[in-house]
Amino acid sequence: MGIKLMSILMLQVTLVAISRGVPRNGSSSKQNFGPKFAVKSIQSEDGDVIDCIGIHNQPAFNHPALRNHKIESNFHFQMRPTYDPIMVTKNEKETWEASDHKGNKDLYITTTAQIWHKSGSCPEGTIPIRRVPRKNKSKVTTVDDHARKKPTISPYQFKDDKSMNLLRANHSLAILHTEGYAYFGAKGDIKVCYPSVELDDEYTTSQVALKSGPYNQYEAIESGWAVNPSVYGDRQTRFFTYWTIDASVETGCFDATCPGFVQISKDVAVGAAIYPISKPNELPYQITIFIFKDPFTGNWWVNYGEKVYIGYWPGELFDRLSFSAETVQWGGEVYSARVGTSPHTATQMGNGQYADRHAGTIRRMRVVQNSQVIKFPDWVNSYTDAIDGNFCQNLSFIMEGLVEVTCALRQTRANSLTGYKNDCF
């Protein structure tokens, strides 16, 4: 009887273990997309190939927890969330967007366009999947190894000034951070930049992220833009989604490179290049990222530009995030093996400009709490990490009259080493 009970318990534990996340050498490399499964393929002028895959044949459903998953639809049988916080607070955007906190006319242009749109579109009933270049696949044994962020396990401590410091080997992180409540959504306008990435195994991102759990095993969902040669094979600025259930130790991936994220939009491809991007002395472009949880289904949706519902992470993928997020973060991240060394990496955070009107910014930061209404966070705190004394990094923010929260990402120098500074107007 004891042996039988133990066998049942072991089976139960095994089922739980494989039902969440993506096994390190599991099903992520067996994806139903590519030329064989494409209804239509589009050759983009930037070198990308976009395969239009039947929506019910997308790679998300290779995840063991989603074998019987049905794509979410609302009460009108549309492939949309059953609850839309944007509609609840539809006038919130109009209250501030005419000017910035200095009274200047706001010239930012929100874009949802991608370069491949110039070459065609996917038909109804399909979704666009960016084809992973063959040269990228040959360098790794699995898609997981190729497309997962580098883990950052390290001691966690609080400074005397109550700001948090998480020393992360080979990572530079500069963000605004809020916690203390149950969070069901987060939003931000992210200026689209074109930062320099020095080496192929380095990357830079600017994102909105929601996280839950301890520092060495947290669950996270993120979206924003990235320049990541090891994942995308080039240095274009691309729209990305990312998720993990163990701080990227053994699970996690960008875009559709592993099963999990369920896409419903036929117009926007995750991982595709953003167009246009901001250039010095020209009009600034931004993407609006809004991640929120549907209170009826438990799925975490990604809305792009306040126009397009890209898709969602099903609640079945998560443990802690199946309830709510414990923290929300807005900001930039750089990965390099030469962070904190000499010479320091020249890979840039933001766009490498000083904190003026040309800098990379994240603006209009908002959260969703129990009220299910988009609102200002009750408080935000700076969060930075630095490897050594030669690494100059600081972070602050502006929040005047409850009009706007703006944060600028910039690059600075300290002791002849290139560092990163997240500073605000």
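Q: Which residue forms a disulfide with Cys 253?
A: Cys 253 is bonded to Cys 258, their sulfur atoms 2.0 Å apart; a disulfide here is a pair of cysteine sulfur atoms within 2.5 Å. This is a predicted model, in which local features need pLDDT of at least 70 and side-chain atom pairs count only at pLDDT 80 or more, while totals for chains, interfaces and linings use all residues. Residues are numbered from 1 along each chain as its sequence is written, and side-chain values use heavy atoms, with hydrogens and water left out.

Q: What handedness does the disulfide of Cys 253 and Cys 258 have?
A: The torsion about the S-S bond of Cys 253 and Cys 258 is about -65 degrees, so this disulfide is left-handed.

Q: Are those two cysteines buried or exposed, Cys 253 and Cys 258?
A: Cys 253 is buried at 1% relative accessibility, and Cys 258 is buried at 2%. Buried means under 20% relative accessible area, exposed over 50%, and partly exposed in between, with a 1.4 Å probe and protein chains only.

Q: How many disulfides does the whole structure have?
A: A search of the whole structure finds two. Cys 52 and Cys 122 are also joined by a disulfide, with an S to S distance of 2.1 Å. Cys 52 lies in strand 2 (residues 49–54) and Cys 122 in the loop between strand 3 (109–110) and strand 4 (126–130), so the pair ties together parts that are 70 residues apart in sequence. Strands (E, at least two residues) and helices (H or I, at least four) are DSSP runs, numbered from the N terminus.

Q: What is the torsion for Cys 52 and Cys 122?
A: The S-S torsion of Cys 52 and Cys 122 is about -80 degrees, so that disulfide is left-handed. Both Cys 52 and Cys 122 are buried.

Q: Changing topic: how many residues of strand 16 are buried?
A: Six of the six residues of strand 16 (residues 308–313) are buried, so the strand is largely enclosed by the rest of the structure.

Q: How many bridges join strand 15 to strand 16?
A: Five bridges join strand 15 (residues 300–304) to strand 16, and the two run antiparallel; strands pair if DSSP finds at least two bridges between them. Strands 15 and 16 form a hairpin with three residues between them, and Gly 305 in the turn has a positive phi of about 70 degrees.

Q: What about Trp 301 and Tyr 312: how far apart are their ring centres?
A: The ring centres of Trp 301 and Tyr 312 are 4.9 Å apart and the planes are at 45 degrees, so the pair is tilted. Trp 301 is in strand 15 and Tyr 312 in strand 16.

Conventions
Rings of Phe, Tyr and Trp (its six-membered ring) pair if their centres lie within 6.5 Å; planes under 30 degrees apart count as stacked, over 60 as edge-to-face and the rest as tilted.
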